[in-house]
Amino acid sequence: MMTTNTIAVTGAGIGGLAAAAALHRRGIDVHVYERGDSLREQGVGMHLGPNGTRLLHRLGLAAELERVAVRPEALEVRAFQDGSLVTRQEMGAAWERAFGAPYLTVHRGDLHRMLASLLPAARVHTGRELAAYEESRKGVTLRFADGTATRASALVGADGVHSVVRRSTAGDERPVYSGNSALRGLVDAADVPELDPTVMYMFAGPAARVLVYPVSGGRRFTYVVVAPAPEGLAESWTSAADVADLDAALGGWAPQVRALVGAAREVRRWALYDRVPLRRWSTARTTLLGDAAHPMLPHHGQGANQAVEDGVALAVCLAEAGPGGDGIAAALDRYEAVRRPHTTRVQLGSRDGKAPGKGVREQAADVSWILAHDVERSLYEEVSGDTAA
């Protein structure tokens with residue numbers, strides 16, 4: 001096990017904290033540098049597929065997830081005009097048996113808090129915005145916007161599409177706009193009593209669709225309204241919107257959907273951009289993770305899941321690394337070789353996932369290979385030569 005090197009992670013989001021927790025669990029000296037003055041995760045709800053939950057369970061979060069997350073019993077597709085049931089896909093225990101771990105919905109802030117709890121406070125440094133870095137044969141020097149600096153054996157860029165490490169790797173890039181933006185937010189379940197807090201809902205209209213799913217132990221719902229919008233919106237998932245925007249987008253929709261307008265307190269707009277998949281993530285001392293490596297559209301609900309997979313895979317590779325700089329370089333090569341083909345397939349598939357006309361069972365089949373994936377097991381089998389299912 002590699003215990004004499006220090007790994008620096010920039011960005012204390014879901015991916016950065018998952019990577020740091022997995023590294024720390026394996027006895028690796030890791031430090032996280034976050035630009036914000038405190039650890040807090042903005043956003044609403046998110047999906048945790050079995051490919052993500054199995055890894056979070058192994059990190060020790062099973063009991064906490066059971067307390068605050070929801071295991072939806074089904075996904076119901078309903079007509080946008082009157083809310084009548086079109087089809088129902090059973091999930092819950094059936095998907096847990098099929099994929100070996102539960103499919104959960106959870107508030108991002110709850111998951112962020114859980115991951116942060118896995119790290120000693122001394123390993124997380126806030127108010128540290130990476131301004132530049134220099135790589136040498138002996139390691140990496142990180143320089144922060146506040147004038148301070150530190151050294152590490154390797155640097156992991158986990159701070160999103162605008163990551164300093166990504167820019168150094170990829171150069172100037174043009175974001176790829178999907179043609180859609182999403183209005184999203186939270187409502188109290190008590191304010192929308194016609195919605196069952198054990199069920200996920202999809203209402204598909206002629207040009208837009210609405211996804212509603214429970215979080216916070218079923219006490220709240222996250223709603224996401226995806227609709228066409230002109231290009232030129234900020235590449236951000238937390239831009240401010242207004243309840244009037246939600247009202248306009250949902251005019252003429254089913255009563256269950258219209259109820260969201262009256263219950264909404266705050267609305268955010270997420271312009272749906274991604275990037276062309278990178279041909280390279282890593283150098284001998286640096287690599288990328290999560291949105292910094294593979295920003296993807298949300299249609300498969302896999303952004304955070306893939307970041308968690310990245311973090312665990314990186315930890316496995318570094319824990320099994322040989323000594324010195326050559327060992328780190330080989331570990332980063334192995335990490336990229338395992339992750340980049342997989343995340344590229346997921347990333348490009350997320351673009352196709354927005355296509356209309358697919359039934360719910362067909363959509364479920366489209367992602368079954370993602371949900372069944374066990375990145376940690378695949379790495380151990382690679383070493384042992386065990387390819388048994």
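# Figure legends for the close-up views

View 1. Buried stands for under 20% relative accessible area, exposed for over 50%, and partly exposed for values in between (1.4 Å probe, protein chains only). Helices (H or I, at least four residues) and strands (E, at least two) are DSSP runs, numbered from the N terminus. Contact, on which the cover rests, means heavy atoms within 4.5 Å.

The model is predicted: local features need pLDDT of at least 70, side-chain atom pairs count only at pLDDT 80 or more, and totals for chains, interfaces and linings use all residues. Residues are numbered from 1 along each chain as its sequence is written, and side-chain values use heavy atoms, with hydrogens and water left out.

**View 2. The chain as a whole.** Eleven helices and 18 strands form the secondary structure of the chain. The C-alpha trace spans about 65 × 50 × 35 Å along its principal axes. For 389 residues, a compact globule would have a radius of gyration near 21 Å, and the value of 21 Å for the chain agrees with this. The radius is taken over C-alpha atoms, and the globule rule is 2.2 Å times the number of residues to the power 0.38. Of the 389 residues, 54% are buried. Where contacts link residues at least 6 apart in sequence, 75% of them join residues at least 24 apart. The accessible surface comes to about 16100 Å², and carbon and sulfur atoms account for 50% of this area. Such areas come from the Shrake-Rupley method with a 1.4 Å probe; for residues, only the protein chains shown count as cover.

**View 3. Helix 4 and its packing partners.** In helix 4 (residues 108-117), the buried residues are Arg108, Asp110, Leu111, His112, Met114 and Leu115. These buried residues pack against helix 1 (14-25), strand 3 (45-48), helix 2 (50-68), strand 6 (104-107) and helix 8 (303-319).

**View 4. Leucine 39 in a loop.** Leucine 39 belongs to the loop between strand 2 (29-33) and strand 3. With 33% relative accessibility, leucine 39 is partly exposed. Residues up to four places away in sequence aside, leucine 39 touches Ala12, Glu34, His112, Ala116, Val124 and Thr126. One of these, histidine 112, stands 73 residues away along the chain from leucine 39, with a C-alpha separation of 8.6 Å.

**View 5. Asparagine 305 in helix 8.** Asparagine 305 is part of helix 8. The relative accessible area of asparagine 305 is 0%, so this residue is buried. A polar atom of its side chain lies 2.9 Å from the backbone oxygen of histidine 47. Beyond its neighbours within four places in sequence, asparagine 305 is in contact with His47, Leu48, Gly49, Asn51 and Gly52.

**View 6. Arginine 339 in helix 9.** Helix 9 (residues 324-352) contains arginine 339. This arginine 339 is buried, because its relative accessible area is 0%. Its side chain makes a polar contact of 2.9 Å with the side chain of glutamine 306. A polar contact is a pair of N or O atoms within 3.5 Å; within protein, one must be able to donate a hydrogen and the other to accept it, and residues adjacent in sequence count only if both atoms are side-chain atoms. Not counting residues up to four places away in sequence, arginine 339 touches Trp281, Gln306, Glu309, Asp310, Ala313, His373 and Val375.

View 7. Arginine 26 lies in the loop between helix 1 and strand 2, and its relative accessibility of 13% makes it buried. The side chains of arginine 26 and glutamate 376 are joined by a polar contact of 2.7 Å. Arginine 26 and leucine 318 are 292 residues apart in sequence, yet 9.3 Å apart from C-alpha to C-alpha. Arginine 377, in helix 11 (residues 375-384), is partly exposed at 39% relative accessibility. A distance of 9.6 Å separates the C-alpha atoms of arginine 377 and alanine 313, which are 64 residues apart along the chain.

**View 8. Serine 216 in a loop.** Serine 216 is located in the loop between strand 14 and strand 15. Although not a glycine, serine 216 has a positive phi of about 55°. Serine 216 counts as buried, at 3% relative accessibility.
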